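Here are my notes on this one, written as numbered points. Keep the structure open next to you and find each residue as you read.

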Amino acid sequence: MDSIGRFVRLLKQSPSGSVFNPWWQLDKQNDIDRSAPAIRRKHLRAYLHKRLGKVQLVVIGEALGYRGGHFSGIPMTSERILLGKKRDAGIVPEHVFSSIKPLRTSKSRICPSGFSEPTATIVWGTLLRLGLKPEQFALWNAFPWHSFNPHRGLLSNRMPTKKERSAGLSVLEDFLDLFPCNEIVALGNVAASQLEALDVDTHRVRHPASGGAKLFRQQIARIVHQTN
């Protein structure tokens, strides 16, 4: 638990500018109240603790999204997953963590059912259908914070700049130290370039967004079958 605590504290050092830090910053417009960052830290700690010493596959995405980790506190995981509203996709809150009760952090008037992220649903659903136990895989992002478009506000996403991605390298390295395994998957080009910068051997697969879901499922299935 000390290693997880240190890791979560490391996330406090996010870049300035159009970057939101969900674990240490309050989204005054969209958060339910001032407890939101603390709730997201609890979510993240519970998620990491469930997987400590058990991970066989790590999947690294690009950056935290406003429909996912911005409000859930967990990469590639939406509020709707935590609230039990993705059971039809084969995903239940206990897959993410079971040691605490998950809570929403977004205002219900903004998104009554909680935010849903297509990538989160596809990645979780695919890995579970392939027979992996939820504690056997860990999801993270090459840029761990939420980079948003300053002209569109916090409910938007943008690709992190090269300078911002450099700021995320030490966090990515610490995450891989926390969950050592032989099978590391890069979800898209940004993740692949970050892992290459750390000289980490990876499988590069298609990001499921923008019509890439079918190819992602095919490519990740081959990796999982080889692992097993």
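1. Let's settle one term before anything else: two residues are in contact when they have heavy atoms within 4.5 Å of each other. Take Leu198 as a try-out. Leaving aside neighbours within four places in sequence, Leu198 is in contact with Leu169, Leu172 and Glu173. Leu198 itself is in the loop between helix 8 (189-197) and strand 5 (203-205). Now look for Ser78: Leu198 and Ser78 are 120 residues apart in sequence, and their C-alpha atoms are 28 Å apart in space.

2. Please keep in mind that you are looking at a predicted model. Now for the overall layout. The chain has nine helices and five strands. If you walk along the sequence, they come in the pattern α-β-α-β-α-α-α-α-β-α-β-α-β-α. The radius of gyration is 16 Å, close to the 17 Å that the globule rule gives for 228 residues, so the chain is as compact as a globular protein of that length. As for its extent, the C-alpha trace spans about 45 × 40 × 40 Å along the principal axes.

3. How much of the chain is buried? Of the 228 residues, 55% are buried. The accessible surface comes to about 10400 Å², and carbon and sulfur atoms own 47% of that. Contacts say something about the fold too: among those with a separation of 6 or more, 70% are between residues 24 or more positions apart.

4. A quick word on charge. You can count 33 positive and 18 negative side chains in the chain. The centres of these two sets lie 7 Å apart.

5. A pair of aromatic rings is described by the distance of the centres and the angle of the planes. The count for this chain is nine aromatic pairs. One of them is Trp140 with Phe175: the ring centres are 4.9 Å apart and the planes are at 10 degrees, and since planes under 30 degrees apart count as stacked, this pair is stacked. The pair also links distant parts of the chain, with Trp140 in strand 3 (residues 137-147) and Phe175 in helix 7 (residues 162-178), 35 residues apart.

6. Stay with Phe175 for a moment. Phe175 also pairs with Phe179, with ring centres 5.1 Å apart and planes at 50 degrees, so this pair is tilted. Ring pairs join Phe7, Trp23, Trp140, Phe175 and Phe179 into a cluster.

7. Helix 7 has another residue for you to find, Glu164. With a relative accessibility of 9%, Glu164 counts as buried, because buried means under 20%. Which residues does Glu164 touch, not counting those up to four places away in sequence? They are Val19, Phe143, Ser147 and Arg158. Also find Gly17: Glu164 and Gly17 are 147 residues apart along the chain, yet their C-alpha atoms are separated by 9.6 Å.

8. Compare that with Met159, in the loop between strand 3 and helix 7. Met159 has a relative accessible area of 52%, so it is exposed. Even so, Met159 touches Glu62, Ser147, Arg165 and Val190, not counting residues up to four places away in sequence. Val123 is 36 residues from Met159 along the chain, and the C-alpha atoms of the two are separated by 20 Å.

9. Last, two backbone spots to check. Most residues other than glycine have a negative phi, and most peptide bonds are trans. Asp199 has a positive phi, near 60 degrees, and is not a glycine. Asp199 is in the loop between helix 8 and strand 5 and is exposed at 70% relative accessibility. Ser210 also has a positive phi, of about 55 degrees, without being a glycine. Look for Ser210 in the loop between strand 5 and helix 9 (213-227), where Ser210 is exposed with a relative accessible area of 73%.

Notes:
Residues are numbered from 1 along each chain as its sequence is written. This is a predicted model: local features need pLDDT of at least 70, side-chain atom pairs count only at pLDDT 80 or more; totals for chains, interfaces and linings use all residues. Side-chain values use heavy atoms; hydrogens and water are left out. Helices (H or I, at least four residues) and strands (E, at least two) are DSSP runs, numbered from the N terminus. The radius of gyration is taken over C-alpha atoms; the globule rule is 2.2 Å times the number of residues to the power 0.38. Buried means under 20% relative accessible area, exposed over 50%, partly exposed in between (1.4 Å probe, protein chains only). Accessible areas come from the Shrake-Rupley method with a 1.4 Å probe; for residues, only the protein chains shown count as cover. Lys and Arg count as positive and Asp and Glu as negative; His and the chain ends are not counted. The place of a charge is taken as NZ of Lys, CZ of Arg, CG of Asp or CD of Glu. Rings of Phe, Tyr and Trp (its six-membered ring) pair if their centres lie within 6.5 Å; planes under 30 degrees apart count as stacked, over 60 as edge-to-face and the rest as tilted.
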